[in-house]
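Dear colleague,

I am passing a structure on to you, together with some notes on what was found in it. Please open it alongside this message and follow the notes as you look.

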Amino acid sequence: MNIRDPFHFQTGSLPLLISIPHAGTQLTPAVEAGLTPDARALPDTDWHIPQLYDFARSLGASILVGNYSRFVIDLNRPADDKPLYSSATTGLYPDVLFNGEPSFLTGKAPDDRERAGYLQQIWQPYHQQLQDELARLKAQHGYALLFDAHSIASVIPRLFDGKLPDLNLGTNDGASCATVLSDRLVTCCEQQQQFSHVLNGRFKGGYITRAYGKPAENQHAVQLELAQVNYMSEQYPFAFDAARAAPLQQLLSRMIDSMIDWGAQQR
């Protein structure tokens, strides 16, 4: 197995890293051959997130984007595959779709040896790059800010009841960043009325937020899970909707600006 380019990384000038682990669509031959017809459409992808956050590139944020689909390996799960939630979820190697249907045809999932290669050649390089960049930011600026960017369909009965709030901020119940920072992000949400929001609701932050959010070490991490209905079609082929996305991008820009402003005050 020869994995090439497990991620795309752009170095920025700000003490902010935006991590986008679930936007990748690349498949390995073994995964592509084994997926069910429904899974081949890659329905659980965080579609268009790099495009949605493209404004942050010009601001000077560092941006790390995983290139491989979560059906190969989930970059936001721990390497030992321990569950992060007590409710329904998916693991390091997702064998079911978010709706509970199988991801792979019977007997066609990649074997343990194949998946061990994904861990070594995709998961580990992504996390090494993430760690290296956070270390660089702290060395240069004295602190580091990590924004883990995600999205999901707004209605998935297996994972949550009813319709998901539009913006779902997660800080591992306050453990991954300073409270005053999450308060600022919530305030940004409260200053507008178009989009609903919640802090540490159904999505409290995945492995990346929990592992790298270390406020006592001047390293602050926040996850944002967006309801996809606000910027794209949630039905195949999952098209980006620029008109719907525009007001959401304006809010995201205000949130990122607020995060950067807060960080500058910590010097």
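Two strands are said to pair here if DSSP finds at least two bridges between them, and by that rule strand 5 (residues 167–170) pairs with strand 7 in the antiparallel sense, over four bridges. Please keep in mind throughout that this is a predicted model.

Taken along the principal axes, the box filled by the C-alpha atoms is roughly 55 × 40 × 35 Å.

Buried residues account for 53% of the 267 residues, while the chain exposes about 11400 Å², of which carbon and sulfur atoms supply 47%. Among contacts between residues at least 6 apart in sequence, 79% join residues that are at least 24 apart. As for charge, there are 21 positive and 28 negative side chains, and the centres of these two sets lie 2 Å apart.

The element I would ask you to look at with care is strand 7, which covers residues 219–227 and is mostly covered, nine of its nine residues being buried. In a regular strand the side chains alternate between the two faces of the sheet. In strand 7 both faces are covered, with Gln-219, Ala-221, Gln-223, Glu-225 and Ala-227 buried on one side, and His-220, Val-222, Leu-224 and Leu-226 buried on the other.

Which strand runs parallel to strand 7? That is strand 4 (residues 144–152), joined to strand 7 by nine bridges.

Finally, consider Ala-227, which has its place in strand 7. Is Ala-227 buried or exposed? Its relative accessibility is 0%, and because buried means under 20%, Ala-227 counts as buried. Leaving aside neighbours within four places in sequence, Ala-227 is in contact with Ile-152, Ser-154, Leu-164, Pro-165 and Asp-166. Ala-227 and Thr-36, by contrast, are 191 residues apart in sequence and 25 Å apart in space, C-alpha to C-alpha.

With best wishes

Conventions. Residues are numbered from 1 along each chain as its sequence is written. This is a predicted model: local features need pLDDT of at least 70, side-chain atom pairs count only at pLDDT 80 or more; totals for chains, interfaces and linings use all residues. Side-chain values use heavy atoms; hydrogens and water are left out. Buried means under 20% relative accessible area, exposed over 50%, partly exposed in between (1.4 Å probe, protein chains only). Contact means heavy atoms within 4.5 Å. Accessible areas come from the Shrake-Rupley method with a 1.4 Å probe; for residues, only the protein chains shown count as cover. Lys and Arg count as positive and Asp and Glu as negative; His and the chain ends are not counted. The place of a charge is taken as NZ of Lys, CZ of Arg, CG of Asp or CD of Glu. Helices (H or I, at least four residues) and strands (E, at least two) are DSSP runs, numbered from the N terminus.
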